[in-house]
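Hi there,

I'm passing along the structure we talked about, and my notes follow below it. Have a look at it first, then read on.

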Amino acid sequence: MISVATEPGTVATAAVPADDEVAGRGSGRWAAGTAPLALAILLGLLLGFAGGLLAPGLLRPGDGSPEAGFARDMSSHHAQAVEMSILAHEKTTDPDVRTLAADIALTQQAQIGIMQTWLKQWDLSPTGRQPRMAWMPDGAGTIKNGLMPGMATDAQRAELRAATGRDFDALFLQLMLDHHLGGIHMAEGVLELSDDEQVTELAKSMVAGQKKEIQLIQTLQGRIGTR
């Protein structure tokens, strides 16, 4: 079992008998077992916390600031991607899908660590009083079924857990494509609102990284097919 951040301020225990993510494109080096991936995710989280501690920042954003809202909401958004990617690493038999899943899990778990460390440095709670996405001017309009942009519904997650083979791979890729598009929207939103160097640098890296992963997802969809 490993623990991964889910909703800000909570920790969910995720079984990792084989469900994790891939770390080096095309290598499939995690395929031999899930224990290395579990350790890598935990290491990534610790490095994320360390990165957050080392990041510069003279001013502390307030509780209702775009920076605080982004850190809280993106932590929850990322946590779902980590959950789905761990599942993909366990269930897929496609080495490229497995590698993509490990990349996503490792990267986004580390970023959760960075954002949660910011909140601690800012003396802010992991959860805020404002509704989801309230930090963005158009935030309320992006919420669908109570979920932030691109997030999978409970029904979709249940379908993913039940799927197998090509159907699983195709559904995972589609859900992750939607998830990345929503995450990019959120990261680009904070770039328009914040001048905090550490926040904008992380947001830029999220946009660049997820755009590259979208290209890979679309390539895999072309090979595997879509649902």
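Before the rest, a word on conventions. This is a predicted model, in which local features need pLDDT of at least 70 and side-chain atom pairs count only at pLDDT 80 or more, while totals for chains, interfaces and linings use all residues. Residues are numbered from 1 along each chain as its sequence is written, and side-chain values use heavy atoms, with hydrogens and water left out.

Now the overall picture. The chain has seven helices and two strands, and from the N terminus on the order is β-β-α-α-α-α-α-α-α. Helices (H or I, at least four residues) and strands (E, at least two) are DSSP runs, numbered from the N terminus. Of the 227 residues, 53% count as buried. Among contacts (heavy atoms within 4.5 Å) with a separation of 6 or more, 79% link residues 24 or more positions apart.

Back to glutamine 156, which sits in helix α5. Leaving aside residues up to four places away in sequence, glutamine 156 touches Met151, Leu171 and Leu175.

Next, a helix pair. Two packed helices are described by the angle between their axes and the distance between the axes. For helix α3 (residues 95-121) and helix α6 (residues 165-193), the axes come within 11 Å and cross at roughly 35 degrees. Those axes are lines fitted to C-alpha atoms over the stretch in contact, with angles running from 0 to 180 degrees between N-to-C directions. The crossing of α3 and α6 is left-handed, that is, the near helix is turned anticlockwise from the far one by less than a right angle. On the α3 side the contact is made by Val97, Leu100, Ala101, Ile104 and Gln108, and on the α6 side by Asp169, Phe172, Leu173, Met176 and His180. These residues divide into seven nonpolar, two polar and one charged; Ala, Val, Leu, Ile, Met, Phe, Trp, Tyr, Cys and Pro count as nonpolar, Asp, Glu, Lys and Arg as charged, and the others, Gly among them, as polar.

Finally, some loop residues:

- Serine 65 lies in the loop between α1 (35-54) and α2 (66-91) and is buried, at 11% relative accessible area. A polar atom of the serine 65 side chain is 3.1 Å from the backbone nitrogen of alanine 68.
- Aspartate 123, in the loop between α3 and α4 (139-142), has a positive phi near 60 degrees and is exposed at 59% relative accessibility.
- Asparagine 145, in the loop between α4 and α5 (154-162), also has a positive phi, near 55 degrees, and is exposed at 71%.
- Aspartate 195, in the loop between α6 and α7 (197-224), is exposed at 75%. The C-alpha atoms of aspartate 195 and glutamate 67 are 9.3 Å apart, with the two residues 128 apart along the chain.

Best wishes

Note on methods
Buried means under 20% relative accessible area, exposed over 50%, partly exposed in between (1.4 Å probe, protein chains only). A polar contact is a pair of N or O atoms within 3.5 Å; within protein, one must be able to donate a hydrogen and the other to accept it, and residues adjacent in sequence count only if both atoms are side-chain atoms.
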